[in-house]
Amino acid sequence: MPDLRYVPEQRLWLLHTPSTVYAVGLDDDDNVRHLHWGARLTEAQIGELARRAPAEGSSFDTAGGPEEFGAEGGARFGPPSLQVRFADGSRGVEWRYAGHDTDDGHLSIHLDDRHYPLRVTLHYRVHDDSDVIERWTSIANTGKKIVIQRCDSAAWTLPHRGSYRMSHLVGGWNSEFRLRRTDVPVAETVFTSRTGLTSHQANPWLALDDGSASEEHGEVWSTALAWSGSWRITLHRGPTGRTTWTGGHGHEGLTWTLDKGETLRTPVYAGLYTAGGFGAASRAWHAYVSRHVLAQPAETRPVLYNSWEATGFDVDEAGQTALAARAARLGVELFVVDDGWFGKRVNDHAGLGDWTPNPDRFPHGLRPLADEVHRLGMLFGLWVEPEMVNPDSDLYRAHPDWVLHTAHRGRTEMRNQLVLNLARPDTAAWAHAWLDRLVADNDIDFLKWDANRAFTEAGWPGHADPDRLWLDHTRAVYQIMDRLRADHPRLRIEACSGGGGRADLGILARTDQVWTSDNTDPVDRIGIQDGFSQLFPAQVMGAWVTDSPNVATARRTPLRFRFHVAMAGALGIGGDLTTWPETELKEAAELIEVYKRIRPAVQHGTAYRMAGDGTLSAVGYAYQDQFVVLAWCPSRPFGHDPAPLRLTALDPAAFYRDTESGAVHSGAVLRESGLLLDLPKGDHASAVVQLIRI
Ligand code: GLA
């Protein structure tokens with residue numbers, strides 16, 4: 001039972017997680033002040049913190065200590081978590097504490113405006129098996145119309161320290177999840193997506209440390225927003241060292257009107273304090289995602305085949321059937337037909353929106369292929385892009401008003417497509433209906449749900465509160481996915497947005513894995529996967545082995561290296577198997593066998609990122625009595641074999657047997673001196689080692 005405590009004499013709340021404490025308290029003006037987020041402190045010690053008077057400011061500074069949810073109004077000059085305008089034009093908020101509720105790990109602190117019909121509730125949830133604290137906000141109107149200019153999920157505060165460093169993920173299409181670590185400037189740093197999607201460019205995950213944390217040591221505060229549309233996080237370090245950040249859904253400039261009786265609930269913004277470095281932070285996030293986000297964490301993700309890189313838009317029954325036969329021979333467990341199976345979709349210029357099988361390509365519909373895939377012992381999956389439409393489609397000709405658009409403005413096409421406004425109930429109902437029918441009629445086990453462009457001209461002519469669509473579109477996507485899953489319990493979904501453009505804790509609550517990136521070059525992937533692993537577990541990281549030379553980078557790499565890199569996630573095959581020689585098909589089948597042996601450790605184990613010297617990097621997975629290592633060395637100069645890889649997660653008192661060579665190693669030696677890797681000569685060397693504790 002999670003431990004939430006209220007101390008009435010001091011008006012403070014203590015939230016205990018297994019190894020951390022989070023504490024907040026009310027000041028004399030009923031503002032909720034942040035007191036502590038970190039290592040365990042006792043109630044008395046938190047009380048001592050609460051009694052500390054905030055540093056004296058000047059008449060030019062924010063008054064008082066850091067707030068849990070700083071609203072615009074009064075002497076507050078930092079980035080606000082809440083900005084509202086009331087019906088009479090007045091802005092700003094003055095709080096009156098209106099009580100709190102606790103319910104099985106969930107604390108709700110209610111705050112009413114002293115004059116206006118506004119109630120804000122700050123929500124906190126803790127679990128007894130995780131140090132992650134979930135926070136969100138609800139904002140309710142009990143009177144005249146209120147315009148919300150900003151309503152974040154939460155603000156987070158760090159202890160006052162000399163300096164801080166931020167770790168965040170940046171990128172673009174084909175280069176997602178690049179980890180960057182830089183000092184936090186004395187400034188407001190904005191991380192945001194204005195694309196209507198989580199985005200390739202920035203991910204709403206952020207980690208802060210005082211500059212001294214490493215992979216294995218040091219304090220790290222990290223947060224992740226569970227939202228798949230536009231978002232904004234503003235990190236503020238003031239000249240005197242106060243460091244806070246506030247974040248939530250929506251980007252700057254959007255407003256939402258709250259009518260009488262309406263409540264807006266923000267997505268969860270989750271936070272985690274760890275004392276064991278970036279590695280421990282990632283492991284705690286992975287465990288949290290598995291225990292509290294994913295619908296089916298215990299399920300092993302199947303080895304998948306996807307036709308996209310092999311065939312592009314040229315999919316038809318004969319070609320897919322031939323690929324399926326080859327895939328089944330290799331040991332593939334899920335066969336996914338990608339783009340090109342419907343309407344007039346023979347390239348990206350037409351057909352999107354017309355979700356009936358192309359009769360030239362699938363004369364009897366998809367069912368014969370689905371049945372054949374099932375007969376071959378595989379699950380059947382299909383690519384869909386329900387939020388989009390090509391203007392050259394029957395759907396758009398019938399419903400030109402269903403897309404996001406603004407009066408007197410053009411309709412910007414990207415990848416020759418427009419975005420459907422799923423905030424419209426009719427559009428959302430249409431999307432749900434055809435998806436539901438498609439899944440049922442074709443016995444579909446898996447959908448790859450794609451979204452291949454950003455929002456533009458995101459208006460809704462005639463609607464009284466058009467910016468709502470930025471929230472309601474994403475919510476509609478969630479609702480459709482939730483409903484499909486509820487009605488088709490075997491259905492699994494892959495989140496995709498031109499690769500990893502929609503990877504976040506919100507989408508993962510209703511999808512089972514993420515298509516990490518359209519870039520399948522294994523050397524590039526090492527970096528992409530490293531960034532992805534900061535927050536997300538290997539189980540949800542779709543990773544394909546494709547052809548060499550790579551279609552994006554033209555780099556040539558050996559099959560074994562491509563496999564070893566892709567084995568670090570949910571393995572897929574995406575090459576043109578009809579062109580692979582028998583020797584490669586045989587090698588691929590063997591490597592898939594290897595993956596299936598190590599898969600429980602990769603998908604259900606605890607991951608340890610390890611950096612070797614030079615360009616060597618590795619990930620180890622601890623699972624029951626096993627420790628599996630995947631190591632990659634893209635290049636090395638003559639005479640510079642990487643040093644042994646230290647496996648610091650092992651038990652020094654135990655002995656481990658290498659299942660391949662039979663060699664027995666002492667845990668102490670593997671920890672202190674390291675594992676000697678048997679890497680082949682040349683570039684793109686890699687190894688997989690499975691150790692069993694004896
Ligand atoms: C996106 C996806 C690809 C593929 C194509 C199909 O780019 O990321 O994997 O599905 O769309 O058009």
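This is a predicted model: local features need pLDDT of at least 70, side-chain atom pairs count only at pLDDT 80 or more; totals for chains, interfaces and linings use all residues.
1. **Around the ligand.** Start with the shell of residues. There are 13 residues around the ligand. Asp338, Asp339, Arg415, Lys448 and Asp518 come nearest. By type, the shell holds six charged, four nonpolar and three polar residues.

2. Look next at the oxygen atoms of the ligand. A polar side-chain atom of Lys448 sits 2.7 Å from a ligand oxygen. For Arg415, a side-chain N or O atom is 2.9 Å from an oxygen of the ligand. Asn452 also takes part: an N or O atom of its side chain lies 3.1 Å from a ligand oxygen.

3. **Cover.** How much of the ligand's accessible area does the protein cover? On its own, the ligand has 300 Å² of accessible area, and the protein covers 96% of that.

4. **Cysteines.** A search of the whole structure turns up zero disulfides. Cys151 has a relative accessible area of 0%, so Cys151 is buried. Cys633 has a value of 2%, under the 20% cut-off, so Cys633 is buried too.

5. **Cavities.** Rolling a probe the size of a water molecule over the atoms shows where empty space is left. How many cavities of 30 Å³ or more does the structure hold? The count is three. The largest cavity contains about 50 Å³ of space.

6. **Lining of the largest cavity.** Find these residues in the 3D view. Thr520, Pro522, Arg525 and Gln529 are among the residues that line the largest cavity. Ala543, Trp544 and Val545 also belong to the lining, as do Arg562, Val565 and Ala566.

How values were computed. Residues are numbered from 1 along each chain as its sequence is written. Side-chain values use heavy atoms; hydrogens and water are left out. A residue is near a molecule or strand if one of its heavy atoms lies within 4 Å of it. A polar contact is a pair of N or O atoms within 3.5 Å; within protein, one must be able to donate a hydrogen and the other to accept it, and residues adjacent in sequence count only if both atoms are side-chain atoms. Accessible areas come from the Shrake-Rupley method with a 1.4 Å probe; for residues, only the protein chains shown count as cover. Ala, Val, Leu, Ile, Met, Phe, Trp, Tyr, Cys and Pro count as nonpolar, Asp, Glu, Lys and Arg as charged, and the others, Gly among them, as polar. A disulfide is a pair of cysteine sulfur atoms within 2.5 Å. Buried means under 20% relative accessible area, exposed over 50%, partly exposed in between (1.4 Å probe, protein chains only). On a 1 Å grid over the protein atoms alone, a cavity is a set of points where a 1.4 Å probe fits but cannot get out, and a pocket is an open set with protein on both sides within 12 Å along at least five of seven lines; lining residues have an atom within 4 Å of a point. Grid points are joined across faces, edges and corners, and a volume is the space filled by probe spheres set on the points.
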